Amino acid sequence: MNKFQRRKATALMATSLLALTSLSFGSPAQAAPTEVSFWAPTVLSGGKDPYATVVAAFNASQNKYVVKLESKGGAQIYGQGLNTAIQAKALPDVFVVEPGVGQLQSVLPLADAGIVRSLNDTNAPKSNPVNDRQFMNKGPTTYAAAFAVEINAPVVNTTAMKRDGVVWPRTFDRMLTECRAAVARGKSFFYLAGSQFGNNGLMAQMMLVSSLYGKDPNWNRKRVAGTVKFATDARWKDTLGKVKEMIDAGCFQSGAQAGSFPGITQNVFPGRVYAVFVPGGTARDYRTQTGQQFDVYPMPMSNNTSEQRILYGVSYAASINAAAKNVEGAKAFINYITSRVGQTTFVAVSGSLFTDGTFNANRTPWFRPVASLVTTKKGLPSPTRGWVDPAVYNRLGTGIQGMLTGQATVDQVLQNMDSVWK
């Protein structure tokens, strides 16, 4: 075989191999999917993780990008870790934030610092609930995309209450009576993770939304203007005074000051306590895990039921790092989160509500006890969204722990909150 014949044979072999490859494996392989890094707080309920679920659904929906989720601990730990990453300039492409300004992971201070990028070129501006946009926007610019709307009020083991002949109290005085009755039967009405300032703070927010912010929605603006203070406001004193009344009535478990997040399910599942302070959508997860009926009830803060309110609004959202390595992939993920498909995936696991404001108590039966408050617009956003420094919330939560131990008074807690308001 001469040189020309050898070249021809080699060319024919190459052509045959290419044809064989095409027949056997389809079209030539595409480039490897582009990775998008994503951080979220860890779900502590023990059920499915809604963030992991929506990530898996997004990855399965297309083959251009792959989102890699890292769960970074509970909300309290997550906020601290996020701030460490900010200092180290080690943020992921996408990460979970909270609306407003009052928490370590709040989005508006991040926007002011140039840490997160505009989402105006995504579907987030249209998808975000109208009432929450002020907490996720700076002027016309959107910096966060809501996952869902939360109803936050005590989650109650209705099965355990019915077994013991207990009816959820509608007034504060009746609640104290039920607390004493629970102690008499060897139980506690509430479980409080008192060692965690975040759980103490969530309880306080569930109380404040009726006792203060329902009456004066503009209180935070007045505090910013300096016309009111925590320590001199009668309604703040009354609210924390009611926490003291609850402590004295035995509403919380013994040793509540050392209570932990794992203790929540360890006590409410077997019915040793009736109610816990967790996001309302958790009731769905608890139903699935235990086969018992869990429901969301409003926190009774007055003897006048017309004053009753609930926390209602976006709890968690997603932002894109201004220095993201994969901006296009991050935007694709944001668009999936805000799509109807992505929303359906998330709320199916989280037990929360769609961002478009639709509410159907038949589809979310755990919210039936608060349905009338939702439909009559008696839901208010988290009070902390307008607090100017995360230290204020920390002082509230740690102050309540001090009240549990008897080492702090109402006046001391409120004065400490004022001292860190900047």
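Predicted model: local features only at pLDDT ≥ 70, side-chain atom pairs only at ≥ 80, totals over all residues.
Reader: How many residues does the contact take from domain 1 and from domain 2?

Author: Start with the spacing. The domains still meet, and the contact takes 25 residues from domain 1 and 25 residues from domain 2.

Reader: Where does the second largest pocket lie, and why?

Author: Look at who supplies its lining. Domain 1 gives residues to that lining, and domain 2 does too. The second largest pocket therefore lies between domain 1 and domain 2.

Reader: Which residues lie nearest the centre of the second largest pocket?

Author: This pocket has a volume of about 870 Å³. Its lining counts 33 residues. By class, 17 are nonpolar, ten polar and six charged. Nearest the centre lie Asn131, Gln134, Phe135, Leu380 and Pro381.

Reader: Which element gives the most to the lining of the second largest pocket?

Author: Take the elements that give two or more residues to this lining. They are α9 (219-225), β12 (310-314) and β14 (379-380). The one that gives the most, with three residues, is α9.

Reader: Are helices α7 and α10 roughly parallel or roughly antiparallel?

Author: Two packed helices are described by the angle between their axes and the distance between the axes. Here α7 covers residues 172-184 and α10 covers residues 234-248. Their axes come within 9 Å and cross at roughly 25 degrees. Angles under 35 degrees count as roughly parallel, so α7 and α10 are roughly parallel.

Reader: How many nonpolar, polar and charged residues has the contact of α7 with α10?

Author: First, name the partners. From α7 come Phe172, Met175 and Leu176. They meet Lys242, Glu245 and Met246 in α10. By class, that contact has four nonpolar, no polar and two charged residues.

Conventions:
Residues numbered from 1 in each chain as written. Heavy atoms only, no water. 1 Å grid on protein atoms, 1.4 Å probe; cavity = no way out; pocket = protein on both sides within 12 Å on 5 of 7 lines; lining within 4 Å. Points joined across faces, edges and corners; volume = space filled by probe spheres on them. Helix = DSSP H or I, 4+ residues; strand = E, 2+ residues; numbered from the N terminus. Nonpolar A, V, L, I, M, F, W, Y, C, P; charged D, E, K, R; others polar. Domains from an automatic or database assignment. Axes fitted to C-alpha atoms, helices over the stretch in contact; angles between N-to-C directions. Parallel < 35°, antiparallel > 145°, perpendicular 65-115°, else oblique. Contact = heavy atoms within 4.5 Å.
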